[in-house]
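The tour goes stop by stop: select, look, move on.

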Amino acid sequence: MDYSFVNTALEYTDKTMRRQVLLFILVLSLTSVFGQVSYSIPEEMEKGSVVSNLAQDLGLDVKRLKSGRARIHSGDSAEYIELNRERGVLLIKERIDRETLCGETTPCALHLQMILENPMELFRITIEITDINDNAPSFASSEKRFEISESAVVGSKFVLEKAIDADIGANDLQSYSLNPTNNFALKLENQADGSKKVEMVLQKPLDREHQAQIPLLLTAIDGGQPRMSGTMQITVNVLDVNDNAPVFTKSVYKATITENSPRGTSIITVSASDKDGGSNGEISYAISNSKRRLSDLFQIDRKTGEVILIGEIDYEKAKLFQINIEAIDNGGLSDSSKILIDVTDVNDNSPQLKILSKSDNILEDSPENTVIAMLSVNDPDSERNGEVKCNINNDIPFKIQNTMSGFYTLVTEVALDREVASQYNITVTCSDEGVPSLSSSVTLTLQISDVNDNAPVFEKSSYEAYIVENNTPGLSIFTVKARDADWNQNARISYILEDSSVNGVPVSSYVSVSADSGVIHAVRSFDYEQIKDFQFHVKAQDRGSPPLSSNVSVKIMIQDQNDNPPQVLYPVQTGGSLVAEMVPRSADVGYLVTKVVAVDVDSGQNAWLSYKLQKATDRALFEVGLQNGEIRTIRQVTDKDAVKQRLTVIVEDNGQPSRSATVIVNVAVADSFPEVLSEFTDFTHDKEYNDNLTFYLVLALAVVSFLFITCLVVIISVKIYRWRQSRVLYHSNLPVIPYYPPRYSDTLGTGTLQHVYNYEVCRTTDSRKSDCKFGRAGSQNVLIMDPSSTGTMQRIQSEKSILDEPDSPLEQKPPNNDWRFTQGQRPGPSGATGGPEVAMGTGPWPQPPTEAEQLQALMAAANEVSEATATLGPGTMGLSTRYSPQFTLQHVPDYRQNVYIPGSTATLTSNPQQQQATAQQATQQALPPPQASAQPEPPKAAQTPASKKKSTKKEKK
């Protein structure tokens with residue numbers, strides 16, 4: 001049983017290994033092989049060719065191959081054969097090359113096994129691969145060379161290379177042939193391994209001069225059908241004998257080379273000949289030894305005789321070279337010659353510049369031909385390569401001169417100007433005459449020193465500047481600027497105000513000039529109405545030596561500002577007399593009453609005046625012309641028009657902001673002068689009074705209205721808060737026990753009562769029926785338990801409890817001595833008092849005052865209002881709105897009734913002025929002073945019967 005496939009199982013993949021293990025188990029279980037067949041096929045069969053009908057040869061049915069899953073196992077051989085189970089035949093799977101598969105091994109066979117399952121069966125298959133003549137004999141090399149001297153002996157043997165044939169048997173190598181056979185013959189000798197030794201034997205002497213080279217062809221032939229062969233080319237070179245010496249073609253060689261030629265440059269090639277051939281005719285060249293180390297500069301090729309430059313050649317060091325050379329063959333025979341090499345100069349040196357002396361600075365006023373530098377120039381080249389010319393760059397005021405051979409001087413050509421160029425970079429370039437020309441250059445930097453030769457120049461030939469009048473002294477107006485083309489100290493400019501006068505006043509009292517910056521400042525505040533423009537000169541002077549200067553004219557123009565209000569020329573306003581214009585009652589529409597004439601000292605738009613009617617007794621009667629100020633009637637004058645007509649005309653200019661003036665024009669509508677005189681008797685006296693009264697009344701009305709609204713909001717807020725507190729106390733179950741600490745005093749400090757009581761005082765709007773009534777007590781009394789206000793107590797007292805006891809005594813406290821009004825300010829005839837009974841409020845009613853007394857009371861009330869505006873507090877009563885700006889004595893009502901308020905020392909008269917003054921007194925009395933330390937203590941209210949009754953009931957509790 002064959003177990004050889006087990007040894008190679010480890011070399012396959014896992015799948016192959018599993019297959020081999022299965023096959024191994026199968027083979028062990030079989031006691032014998034079921035069948036064995038052998039076949040023989042030639043190599044190189046086509047893929048898919050049929051090897052044999054395996055099923056038929058083994059006597060198996062094709063169905064058995066399918067059911068047994070027949071498969072071929074090749075072992076370690078490549079899978080060249082495959083089984084077709086459908087047909088039961090063996091096919092060529094891969095093309096088979098016998099030489100590759102078996103080499104020289106014979107016989108060459110494939111050993112296969114076919115395996116069947118269910119039941120397991122094993123069949124051996126042997127396939128022999130037979131050789132075909134598919135390989136021709138071949139030599140290892142296609143060509144072979146021999147060098148044989150012409151003096152070689154006949155019978156000399158030369159071994160040839162054997163051919164190789166991969167086929168075997170009759171298809172292997174059988175014989176050799178050599179052509180032509182004039183000088184050589186082929187000799188074959190069998191070897192012990194079965195191969196043949198091939199030799200070439202010289203059978204005729206050689207003659208190099210007759211035939212120097214002999215070509216031969218060696219052919220190897222096999223025994224297959226058809227025969228195949230291989231060839232090798234053999235070349236025999238006949239060697240000559242050394243019997244001739246080398247000979248140079250020239251005895252002297254000449255060559256030319258330029259200096260600075262690169263290394264490797266070929267200079268010349270020498271040549272020698274030898275009649276001998278082969279090695280005897282081979283010549284080598286060499287440089288003979290000499291005193292100079294020419295071998296460091298030149299090298300000759302031993303084979304070709306080419307002379308090559310290997311060093312650097314400088315014409316300035318050597319202009320000619322002589323080289324001795326020799327030619328030697330392989331036999332030791334030689335010949336000699338020499339080479340003459342001329343060196344050609346090359347322009348390889350630039351001119352060498354050297355500065356002998358130079359100046360770094362030169363004054364701009366230096367004269368022409370001033371020497372600023374000296375230079376030396378040298379070029380080591382020869383002839384034209386060493387001829388040098390020097391020049392400088394263009395567009396500069398300098399020139400270069402050749403003073404002597406190799407020396408140059410640099411001088412100024414024209415006058416210099418530092419303001420044109422303060423520095424020059426002078427480039428001196430020296431070039432030789434070589435081709436191409438070489439040059440060298442050097443740059444000199446020359447600074448031009450400044451000389452004060454330029455005066456300052458202003459930017460403008462003259463200056464004009466504007467400034468608005470009423471300027472601040474020291475204000476910067478504008479700046480003059482001058483430039484100086486010089487440098488450093490010569491270019492530093494100082495500005496000087498030249499002495500001159502404006503309207504006989506020195507100009508220095510008007511303006512000043514900053515010496516460094518040229519800023520012109522205003523020394524004073526200008527007034528356009530006094531001076532409209534002025535002119536002066538400013539000098540700009542540098543700081544050179546000597547200094548240079550220039551002047552410029554400056555004109556300052558003052559611009560008008562609307563700083564003057566219009567001035568009314570007519571009508572003339574006088575304080576002592578009254579001027580009125582008369583208009584007859586028969587005047588028609590457009591009647592010229594008068595003309596307001598005004599002027600404005602300003603100019604331009606600031607002096608354009610416009611007239612407007614500001615106030616008039618009857619606006620429907622008069623109008624004022626907007627541009628001319630003419631006052632004309634705009635309707636027919638009637639008998640109903642008042643005699644006295646006052647017109648207030650405002651005159652405005654067109655400035656920004658505009659300014660105005662007012663003038664009062666009194667117009668009398670009457671036909672006769674006595675009528676006018678009777679109406680304008682007290683007109684002048686009422687003017688100042690009405691104006692002051694109107695101002696104060698309007699101011700007081702505005703202040704009191706604001707305070708009244710504020711107090712009203714505060715009172716409503718406090719009442720709501722106390723009402724909510726009383727509701728909380730009312731709905732609680734705790735008993736309320738009022739407690740009053742000993743020595744309790746009013747914390748407000750504004751009255752004489754033991755506690756604070758609030759009353760509501762109501763007055764009717766009808767001044768003829770003024771009275772007072774007591775309402776219910778204030779909603780709450782707040783008691784301060786300690787200074788920190790940490791405890792409060794509420795006490796509610798109904799209105800009924802206040803008025804229940806009619807028998808309670810009524811007492812009045814006497815008035816305090818610090819009552820606000822003086823005796824002369826109290827209303828009454830000529831300021832007289834009414835006696836103690838009147839003061840106590842129990843006496844008879846006072847007599848009605850006269851009209852003069854009413855006027856006096858009104859003036860006192862007005863003064864009181866003006867004094868109270870600075871100290872008004874919450875709760876101050878407002879004045880009546882009937883005091884309009886047109887209020888006069890005829891508007892005062894003639895009331896003859898006075899009102900007496902119980903519990904108060906004030907007597908209220910029916911006169912509106914006295915009522916207002918009394919209300920102002922009562923208001924200021926009820927209010928606490930703004931500053932307790934500065935104001936006297938206000939009067940304490942007298943105890944009324946109701947308040948006394950309350951205090952009695954409280955003591956009983």
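Start with a definition: a residue is buried under 20% relative accessible area, exposed over 50%, and partly exposed in between, with a 1.4 Å probe and protein chains only. This is a predicted model, in which local features need pLDDT of at least 70, side-chain atom pairs count only at pLDDT 80 or more, and totals for chains, interfaces and linings use all residues. Residues are numbered from 1 along each chain as its sequence is written, and side-chain values use heavy atoms, with hydrogens and water left out.

**Stop 1: the whole chain**

Show everything as a cartoon. The protein chain has 11 helices and 53 strands. Both are DSSP runs numbered from the N terminus: helices are H or I with at least four residues, strands are E with at least two. Of the 957 residues, 37% count as buried. Contact here means heavy atoms within 4.5 Å. Take the contacts between residues at least 6 apart in sequence: 67% of them join residues at least 24 apart. Now switch to a surface. The chain exposes about 55000 Å², and carbon and sulfur atoms supply 51% of that area. Accessible areas come from the Shrake-Rupley method with a 1.4 Å probe; for residues, only the protein chains shown count as cover.

**Stop 2**

Select F708, I709, L712, V713, I716 and I720. Together they form a nonpolar patch on the surface, with about 580 Å² of accessible area. Patch residues have over 30% relative accessible area and no salt bridge; like charges are joined within 9 Å, and nonpolar side chains (Val, Leu, Ile, Met, Phe, Trp, Tyr) within 5 Å. I720 sits in helix 6, residues 683–731. Its relative accessible area is 47%, so I720 is partly exposed. C711 counts as buried, at 13% relative accessibility.

**Stop 3: the disulfides**

How many disulfides does the structure hold? There are two. The criterion is a pair of cysteine sulfur atoms within 2.5 Å.

Select C102 and C108. Their S to S distance is 1.7 Å. The torsion about the S-S bond is about 65°, so this disulfide is right-handed. C102 is buried at 17% relative accessibility, and C108 is buried at 3%.

Go to C390 and C430. Their sulfur atoms lie 2.0 Å apart in a disulfide. This pair links distant parts of the chain: C390 is in strand 27 (residues 388–392), C430 is in strand 30 (residues 423–432), and they are 40 residues apart. With an S-S torsion of about 105°, this disulfide is right-handed. C390 is buried at 14% relative accessibility, and C430 is buried at 1%. In sequence order, the bonded cysteines pair 1-2, 3-4.

**Stop 4: the cores**

Select V511, I520, F534, F536, V538, V554 and I556. These residues have the most contacts inside the largest nonpolar core, which has 29 residues. Such a core is a set of buried Ala, Val, Leu, Ile, Met, Phe, Trp, Tyr and Cys residues joined through side-chain atoms within 4.5 Å. Colour the elements that give it two or more residues; among them are strand 39 (511–513), strand 40 (519–522), strand 41 (533–542) and strand 42 (549–559). Centre on I520. Beyond its neighbours within four places in sequence, its contacts include L475, I477, F478, V511, F536, V538 and V554. Apart from this core lies another, of 27 residues, including L58, Y80, C108 and L116.

**Stop 5: E99**

Select E99, in helix 4 (residues 98–101). E99 counts as buried, at 15% relative accessibility. Show what surrounds it: not counting residues up to four places away in sequence, E99 touches E43, D131, D134, N135, A166 and D167. E99 and N135 are 36 residues apart in sequence, and 9.4 Å apart C-alpha to C-alpha.

**Stop 6: salt bridges**

A search of the whole structure finds 19 salt bridges. Each has a side-chain nitrogen of Lys or Arg within 4 Å of a carboxyl oxygen of Asp or Glu.

- Select E143 and R145: they form a salt bridge at 3.5 Å, N to O. E143 is partly exposed, at 42%.
- Select R418 and E419: their closest N and O atoms are 3.6 Å apart. R418 is buried at 10%, while E419 is partly exposed at 23%.
- Select E630 and R632: their salt bridge spans 2.9 Å, N to O. R632 is partly exposed, at 29%.

Finish on R69, R71 and E117, which salt bridges with shared partners join into one network.
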